[in-house]
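Open the model in your viewer and keep the sequence panel beside it. The stops below are given in the order in which to select them.

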Amino acid sequence: MTLLKTIDTNPSVSPRESKPLPERLISGDPSFKTWPQDVTHGEMIHTGIWEATPGETRSIKGETFEFCHILSGIVEITPDDGEPTLYKAGDSFIMKPGFTGIWKTIETVRKIYVTIM
């Protein structure tokens with residue numbers, strides 16, 4: 001087993017496709033694609049590529065910490081207690097456990113994610 005893994009930002013395998021939970025959908029008809037790439041530490045740390053089409057949803061992190069690096073597209077994130085922030089290709093951010101807010105995909109977004117549960 002190698003301890004070095006390259007993240008494939010354009011995977012050729014079929015993604016897992018999904019939609020937002022009905023209670024989290026705010027507007028639009030977004031769809032999601034996920035290409036998991038690695039899981040470690042007893043299923044606690046996940047990495048991969050995630051893509052979303054335009055729409056607006058509630059983001060609720062619960063106990064999950066998430067690091068995101070935007071590869072393409074534009075997203076606006078508005079914490080429940082804050083102002084909206086735009087993220088585009090090249091930007092990185094984290095959402096800490098307990099984060100709640102609105103995730104608005106303005107232009108189809110693709111990101112690298114690392115979650116720690």
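The tour of this predicted model goes from an annotated span to a loop and then to a pair of strands.

**Stop 1: the annotated span.** Select residues 42–113. The UniProt record, an unreviewed entry, lists this range as "domain: (S)-ureidoglycine aminohydrolase cupin". The span is 71% strand and 0% helix. Its end C-alpha atoms lie 18 Å apart.

**Stop 2: the loop between strand 3 and strand 4.** Strand 3 covers 32–40 and strand 4 covers 45–52, and H41 sits in the loop between them. Select H41 and read its backbone torsions: phi is near 50°, a positive value in a residue other than glycine. Most residues other than glycine have a negative phi. Is H41 buried or exposed? H41 is exposed, with a relative accessible area of 59%.

Next select E43, which lies in the loop between strand 3 and strand 4. E43 is not a glycine, yet its phi is positive, at about 70°. E43 counts as exposed because its relative accessibility is 55% and the cut-off is over 50%.

**Stop 3: strand 8.** Select residues 92–95 and show the side chains.

**Stop 4: the partner strand.** Strand 6 pairs with strand 8 in the antiparallel sense, over four bridges.

Terms used: Residues are numbered from 1 along each chain as its sequence is written. This is a predicted model: local features need pLDDT of at least 70, side-chain atom pairs count only at pLDDT 80 or more; totals for chains, interfaces and linings use all residues. Side-chain values use heavy atoms; hydrogens and water are left out. UniProt positions are given in the numbering used here, feature names are shortened, and annotations may be inferred rather than shown by experiment. Helices (H or I, at least four residues) and strands (E, at least two) are DSSP runs, numbered from the N terminus. Buried means under 20% relative accessible area, exposed over 50%, partly exposed in between (1.4 Å probe, protein chains only). Two strands pair if DSSP finds at least two bridges between them.
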